[in-house]
Amino acid sequence: MPGRDCAISFRPWNRTQPCVVDASNGPQAIDWIVHAHTRTLYAFAFECIAARALVHWSPAVNRASICVPCRLAAIAAVVGCAGAAFAWTAGWLTPKRLDAPHIIDTFESNYGVHTGYRRNHAKGLCVEGWFESNGNGARVSRAAVFAPGRTPVIGRFAIPGSNPAAPDASTPVRSMALLFQLQDGEQWRTGMNSVPVFVVRTPEQFYSQLVASKPDPATGKPAAAKLDAFFQTNPETLPFRNWVKAHPPSSSFANTAFYSVNAFIATDAAGNQRAVRWQTVPETAYAPETPAQKADPNFLADDFAARFAAGSAASPAVSPLRWHLVLTVAAPGDPTNDATQQWPADREQIDAGTLVLQRAEPQGNGMCRDVNYDPTILPDGLKPSDDPLLAARSAAYAVSFNRRTREEAKLAQTHGDAQP
Amino acid sequence: MKQPSQHFSALQRLLHWSMAVLIVTMLFVGVGMVSTVSRLHDTLIALHRPLGIALLALVIVRIAARLKRGAPRLPADLPAWQRAGAHASHLALYALMIAMPLIGWSMLSAGGYPIVLYGGVHLPPIAPHDVTLYAWLRAAHTWLALALYATVLLHLGAALFHALIRRDGVLASMARGEARG
């Protein structure tokens with residue numbers, strides 16, 4: 001029946017109003033209309049074509065149609081595609097794509113699963129104290145933490161690696177993580193290293209290095225040839241390696257400076273944005289690790305305990321453990337997306353106040369145990385830069401936190417009765 | 001409750017279709033952000049929290065609208081098992097729509113995370129900082145998200161089944177309003 005489709009109007013609120021085109025010569029009329037180049041006739045053509053489509057798909061119209069299995073297949077295809085798109089987004093279809101679980105899996109396959117511990121920087125201790133802001137930081141950031149006054153801090157010192165029993169002398173690097181608990185409920189979390197630059201620039205390089213570092217089962221150490229090959233093909237690692245060579249490891253957490261490594265964007269009260277990095281500069285003078293210390297696998301924690309004990313004995317009100325929080329402000333054009341490069345030494349530095357630590361506790365029962373030091377948790381006035389490592393750190397830390405808290409929950413369930 | 005008409009009200013349809021877009025977006029944002037290590041991770045996380053709270057607000061309005069207005073009757077000739085499936089899946093959808101944002105919010109609270117909506121705007125915690133609780137809620141958030149997406153796909157398949165196989169006007173009851181004139 002030529003033209004019968006046009007008996008249904010496109011207007012969905014009235015499906016019975018007939019099209020103006022005469023039913024007896026519908027298709028011919030449409031052909032003619034489409035070539036006629038007049039506005040009214042175009043409207044006819046559109047309405048009739050749309051009406052034809054509506055009839056074709058409308059459930060309410062009884063007409064000979066596509067076979068039922070074909071229609072079922074169409075439904076299956078729509079649902080299947082929606083499911084596949086989800087699976088692809090989740091990474092289930094691309095097992096080789098570098099994602100956050102993949103990075104943590106590689107830590108686990110390299111170094112084993114140490115139940116309940118962070119997958120990296122597993123060995124550490126908790127500290128508590130505060131940050132006494134002098135107000136200078138407000139020049140670049142409107143974050144409440146930089147207004148004059150005191151902000152409580154939950155911190156953690158650690159060494160890199162997945163093994164919570166690794167000897168301290170096994171690495172030249174130390175780390176300091178801080179959580180500033182701002183009065184209004186905001187938080188600033190930062191994870192800092194004792195080396196001002198990072199060894200690699202991208203998450204992909206980080207992953208390649210992790211793969212190249214896989215310990216040889218025979219020696220328990222990375223195959224030197226593989227790691228060397230990685231360094232040769234990734235010259236960005238040179239500044240980090242040179243820095244480590246030129247700076248003997250410190251004898252204590254207390255005399256170590258720690259660096260944010262990544263760049264961040266600070267926004268001041270007027271809305272001006274500047275790239276910044278920060279560091280904590282110890283008041284205690286640097287001293288290198290001694291041969292005697294190398295014999296003590298836990299010399300960093302032992303040293304720390306001794307310093308706290310000595311400090312409390314000398315004057316309970318005065319902590320021996322103090323650092324200045326120093327912001328380094330980038331000049332326009334300084335790269336913010338390359339953690340392997342330091343900014344020139346003459347960049348403006350702002351001493352924003354003093355970090356004072358009052359108490360240390362083992363990480364098993366300290367406040368820091370249940371904190372994920374995700375460096376992208378920032379108060380208003382600070383935000384991540386375009387450094388590609390920051391998002392990857394956030395994603396990977398979350399996987400590590402989720403796994404270890406799940407292990408803790410299982411442990412609590414198993415030993416539920418034994419809990420006090 | 002008024003006698004249900006053959007079509008959902010304009011408010012119900014607006015809520016349904018806007019939430020459909022937001023919920024599917026939310027599920028893709030969620031599953032993407034826990035996977036990717038690209039800078040998209042930061043953007044997706046920043047989107048996930050305010051979107052979740054917006055959905056919580058919308059589902060409250062939606063449940064109120066549903067209780068007030070009801071739903072059109074299913075076709076009388078619908079087989080009993082399909083009728084039961086329709087009721088069960090809608091109950092599941094409502095339960096998951098209300099549970100997901102609340103679990104997300106309490107999960108972040110239990111993990112000790114600040115619940116940042118935008119800039120300095122954040123919500124108070126609704127659960128104690130307790131990582132055992134966090135672990136349970138975090139796992140529940142994932143599994144219920146997968147269950148929600150599976151139910152959404154089932155819902156989509158069933159809607160198309162009504163439209164293309166049964167041709168019984170069930171999809172039209174949500175797709176458009178009452179015929180006028």
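I read chain B along its sequence and noted the pattern α-α-α-β-β-α-α. That chain has five helices and two strands, taken as DSSP runs (H or I, at least four residues, for helices; E, at least two, for strands) numbered from the N terminus.

I recorded that this is a predicted model, in which local features need pLDDT of at least 70 and side-chain atom pairs count only at pLDDT 80 or more, while totals for chains, interfaces and linings use all residues. Residues are numbered from 1 along each chain as its sequence is written, and chains are lettered from A in the order in which they are written.

I looked up the extent of chain B: its C-alpha trace spans about 55 × 30 × 25 Å along the principal axes. Of its 181 residues, 30% count as buried (20 or more other C-beta atoms within 10 Å of the residue's own, with C-beta atoms placed from the backbone).

I then turned to the interface. I found 47 residues of chain A in contact with 43 residues of chain B (C-beta atoms, placed from the backbone, within 7 Å). On the chain A side, helix 3 (68-90), helix 4 (100-111) and helix 10 (388-414) each give two or more residues. Helix 10 of chain A gives the most, with 13 residues.

Lastly, I examined helix 5 (residues 203-212) and helix 6 (residues 224-233) of chain A, whose axes come within 9 Å and cross at roughly 160°; axes are lines fitted to C-alpha atoms over the stretch in contact, and angles run from 0 to 180 degrees between N-to-C directions. Helix 5 of chain A is therefore roughly antiparallel to helix 6 of chain A (an angle over 145 degrees).

Notes. Parallel < 35°, antiparallel > 145°, perpendicular 65-115°, else oblique. Contact = placed C-beta atoms within 7 Å. Buried ≥ 20, exposed ≤ 12 C-beta atoms within 10 Å, placed from the backbone.
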